[in-house]
Amino acid sequence: AMFSELLALEVVNAVCEVLDQEVGLSDRTLAEFLIHLASKESTAAGFRAAVAANGAEFTPSCSDRLYEVISRQRGAPRERARPQASYRGVVRRVVEYGAVV
């Protein structure tokens, strides 16, 4: 639970940083709302449309960058979790044989 909270905070901070760079506004509530919108969309184009439908006037490149950052940040834990599970057997064998990595 603590790890997922930390990851959620990391995503919010990354979105705030992009917002600050792109529009000069670093608002946590807006960042959380954009993360929510991105979670419902599977493409950058869908995210752009959702953002526009909610009244934001971001440039397409800003929306795309936000979607990319959110997708990358939210996807990173899942990508790391998969290989970790597949390495368990290797780690167990290394420990059993006393190898130093």
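Modeller: Start with a term: buried means under 20% relative accessible area, exposed means over 50%, and partly exposed lies in between (1.4 Å probe, protein chains only). This is a predicted model, where local features need pLDDT of at least 70, side-chain atom pairs count only at pLDDT 80 or more, and totals for chains, interfaces and linings use all residues. Residues are numbered from 1 along each chain as its sequence is written, and side-chain values use heavy atoms, without hydrogens and water.

Biologist: Is G46 buried or exposed?

Modeller: G46 sits in helix α3. Its relative accessibility is 19%. The cut-off is under 20%, so G46 counts as buried.

Biologist: Which class does A45 fall into, at 43% relative accessibility?

Modeller: A45 is also placed in helix α3. Buried needs under 20% and exposed needs over 50%. At 43%, A45 therefore counts as partly exposed.

Biologist: What share of the 101 residues of the protein chain counts as buried?

Modeller: That total covers the protein chain, with its 101 residues. The share that counts as buried is 28%.

Biologist: In what order do the elements of the protein chain run?

Modeller: Helices (H or I, at least four residues) and strands (E, at least two) are DSSP runs, numbered from the N terminus. The chain has four helices and zero strands. From the N terminus on, the order is α-α-α-α.

Biologist: How are α1 and α2 oriented to each other?

Modeller: Axes are lines fitted to C-alpha atoms, for helices over the stretch in contact, and angles run from 0 to 180 degrees between N-to-C directions. The axes of α1 (residues 2-23) and α2 come within 9 Å and cross at roughly 110°. Angles under 35 degrees are roughly parallel, over 145 roughly antiparallel, 65 to 115 roughly perpendicular, and the rest oblique. So α1 and α2 are roughly perpendicular.

Biologist: How are α2 and α3 oriented to each other?

Modeller: Helix α2 (residues 28-39) and helix α3 (residues 44-53) pack with axes 9 Å apart, at about 130°. That angle makes α2 and α3 oblique.

Biologist: Which residues of α3 do L34, L37 and A38 in α2 meet?

Modeller: Contact means heavy atoms within 4.5 Å. By that rule, L34, L37 and A38 of α2 meet three residues of α3: F47, A50 and V51.

Biologist: How many nonpolar residues does the contact of α2 with α3 have?

Modeller: Ala, Val, Leu, Ile, Met, Phe, Trp, Tyr, Cys and Pro count as nonpolar, Asp, Glu, Lys and Arg as charged, and the others, Gly among them, as polar. This contact has no polar and no charged residues. Its nonpolar residues number six.

Biologist: What kind of aromatic pair do F47 and Y67 form?

Modeller: Rings of Phe, Tyr and Trp (its six-membered ring) pair if their centres lie within 6.5 Å; planes under 30 degrees apart are stacked, over 60 edge-to-face, and the rest tilted. The structure holds one such pair. F47 and Y67 lie 5.5 Å centre to centre, with 35° between the planes, and the pair is tilted.

Biologist: Which helix holds Y67?

Modeller: The pair links distant parts of the chain, 20 residues apart. Both partners are buried. F47 is in helix α3, and Y67 is in helix α4 (residues 60-97).

Biologist: Which residues is S63 in contact with, leaving aside its neighbours within four places in sequence?

Modeller: S63 lies in helix α4. It is buried, at 4% relative accessible area. Its contacts beyond those neighbours are F47, R48, V51 and F58.
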